[in-house]
Amino acid sequence: MSERKDFVASFDSDSRKTAVRVAFVTRRKSPHVKVHDDDYVMTFPEALFRGAVAVEILALLLVLLSLFWNAPLEKLADPLETPNPAKAPWYFLGLQELLHYFPPVVAGVLIPTLVLIALIVIPYFKINVQAEGLWTRNRSARLRILALTVALFAVFLIAFNVYAVLIPTLLMAGFMFFAATNRAASGRFHRWLASKPLSFWIMSWFLIQAAVLTLIGTFFRGPGWSLVMPWSGDI
Amino acid sequence: MADTLETQLPRGRGGRVWQSIFRSGLGDTNLRRALAIQQNLFLHLASVKVRKRSLSFRVTWFLGTLSLGTFAILVVTGVPLMLYYHPSVPQAYSDMNDLRFVVSAGLFLRNLHRWSAHSMVLLVFAHMFKVFYRGAYRPPREFNWVIGVVLLLLTLFLSYTGYLLPWDQLAFWAITVGSNLISAMPIVGARIRFLILGGNGVNANALLRFYVLHCVILPLAAVAFVAIHFWRIRKDGGLYHGGSERHE
């Protein structure tokens, strides 16, 4: 206990400056932190029963839906008569919407492949595993990177007239900048946004983007892939 | 005779026949409840106990369970539909009309199958986003996330191959639009498209291939991956529950 210390303990309450906190563990003490024990229940019947009820409710809803709403059936397939517009199943309409802006090799191959790879590698990158808020450190550098990225991406999107991607992107960037603002008395929403890591922002941007593109492709596209209102004529 | 029947016949749950099937007996003690899970081929994929916290609705929204539920509905409605369906042109389309006007409850069967299919795609997507936002993909669960991505793809392929089977205008042109995208792939695109469609366009060969994929290959693959997916939940430490496990 009498060895000379070769370090100096300092105290700092600014969490941005002191990134790492050191815990001093004296002898005979364990660094183990006692967390409260989890309550366990038996899978049978607790979990199985709940699952069964959930599935039964869903089945009931689907049965009701099927009783009152018929599955579409058009006339016999005719390779000589192309419907206008010819649409893919709804979950591919986001891609079909992108096909309207970009060449097929980009919209049909490159983007889906990149999305797929990105989804698979999510848990293997430290950036996605960290749960630290994006703006908690290197704030000014990160702000610059974000501004540059958004600006370049916006120029690219404007060049291709892809406003369906541009507007959600700018909206998302707006929220990110809002989260980065340093406010003394911030509201709950601001604090919630400020605590979000980069992976949250990327995934949310992807989710909103996919939803917007799919909705446009499903409801707002008519003959010749022109913009129409969903209530004007049949889709 | 009556006496023999009385002693030999099973007496419902807990009787001799019941116990020959379910050795754990009735779930009247925790040991027997544990055995009910552990000694069942299907249920043993799950763990015997679960954290109470991870059972509440707001943790998972039951999205994984509901995805499995829609898959079960799709199998149960899909097999009877196969009895009334011929994967040939143009018989496939007349079978659709038969389902509507001739087969008892045929229309209902097809409706339920189609709406469940759309629900499954939605639920699987929702499950993926929910898992992401909870951070449940983090180590040690990273490989189960990858299995989940495979299951998402299988779900999309299942839905996509089923889309062609009615052989109406909607089906034909949706598959034509989709398969044209494949040929945009450099170098191998046209060949892959030929492999999938069994020809240069959507024709009777494509219908047969999609039928086999939809009814045999993809469901079997899905069952296998679902089994791994569920088993990995147990192997990776149970349902993610946040809290003390957080990597913050």
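This is a predicted model: local features need pLDDT of at least 70, side-chain atom pairs count only at pLDDT 80 or more; totals for chains, interfaces and linings use all residues.
Begin with the make-up of chain A. Its secondary structure amounts to eight helices and one strand. Along the sequence the order is β-α-α-α-α-α-α-α-α. Chain A has 235 residues, and buried residues account for 15% of them.

Helix H1 of chain A covers residues 43–68, and A:Pro45 is found in it. A:Pro45 is joined to A:Phe44 by a cis peptide bond. Omega for that bond is about 10°.

Move along to helix H5 of chain A, residues 139–159. H5(A) has 21 residues. From its first C-alpha to its last, H5(A) reaches 30 Å. That is close to the 30 Å expected at 1.5 Å a residue. How many of the 21 residues of H5(A) are buried? The number is zero, so H5(A) lies largely in the open.

After H5(A) comes A:Asn161, with a positive phi. This residue sits in the loop between H5 and H6 of chain A. A:Asn161 is not a glycine, yet its phi is about 60°. Is A:Asn161 buried or exposed? A:Asn161 has 10 other C-beta atoms within 10 Å, and the cut-off for exposed is 12 or fewer. A:Asn161 is therefore exposed.

Which residues of H6(A) are buried? They are A:Ala164, A:Val165, A:Met176 and A:Ala179. Looking down the axis of H6(A), the buried residues fall within an arc of 90°, so they line one face of the helix. The face turned away from this buried side carries exposed residues: A:Tyr163, A:Ile167 and A:Gly174.

Now turn to chain B. In the loop between helix H2 (16–21) and helix H3 (30–38) of chain B lies B:Leu26. B:Leu26 counts 13 other C-beta atoms within 10 Å, so B:Leu26 is partly exposed. In sequence, B:Leu26 is 55 residues from B:Leu81. In space, the two are 37 Å apart, C-alpha to C-alpha.

Next come the helix contacts of chain B. Helix H5 (residues 63–83) and helix H7 (residues 106–134) of chain B have axes that come within 8 Å. These axes cross at roughly 155°. How do H5(B) and H7(B) run relative to each other, and why? An angle over 145 degrees counts as roughly antiparallel, so H5(B) and H7(B) are roughly antiparallel. The contact of H5(B) with H7(B) has 14 nonpolar residues, nine polar and two charged. H5(B) passes H7(B) in a left-handed crossing.

H7(B) also packs against H8(B). Here the angle is about 160°, and the axes are 10 Å apart. That angle makes H7(B) roughly antiparallel to H8(B). The crossing of H7(B) past H8(B) is left-handed.

The loop between H7 and H8 of chain B holds B:Pro140. Its bond to B:Pro139 is a cis peptide bond. For this bond, omega is about 10°.

Helix H8 of chain B spans residues 142–164, and B:Val150 has its place there. Is B:Val150 buried, exposed or partly exposed? There are 15 other C-beta atoms within 10 Å, so B:Val150 is partly exposed. B:Ala222 is 72 residues from B:Val150 along the chain. Their C-alpha atoms are separated by 8.9 Å.

The last stop is B:Ile187. This residue lies in the loop between helix H9 (169–182) and helix H10 (189–197) of chain B. B:Ile187 is not a glycine, but its phi is positive, about 65°. Inside 10 Å there are 7 C-beta neighbours, so B:Ile187 counts as exposed.

Technical notes: Residues are numbered from 1 along each chain as its sequence is written. Chains are lettered from A and ligands numbered from 1 in the order in which they are written. Axes are lines fitted to C-alpha atoms, for helices over the stretch in contact, and angles run from 0 to 180 degrees between N-to-C directions. Helices (H or I, at least four residues) and strands (E, at least two) are DSSP runs, numbered from the N terminus. Angles under 35 degrees count as roughly parallel, over 145 as roughly antiparallel, 65 to 115 as roughly perpendicular and the rest as oblique. A crossing is left-handed if the near helix is turned anticlockwise from the far one by less than a right angle, and right-handed if clockwise. Ala, Val, Leu, Ile, Met, Phe, Trp, Tyr, Cys and Pro count as nonpolar, Asp, Glu, Lys and Arg as charged, and the others, Gly among them, as polar. A residue is buried if 20 or more other C-beta atoms lie within 10 Å of its own, exposed if 12 or fewer, and partly exposed in between; C-beta atoms are placed from the backbone. The arc is that of the directions from the helix axis to the C-beta atoms. The expected span of a helix is 1.5 Å times one less than its number of residues.
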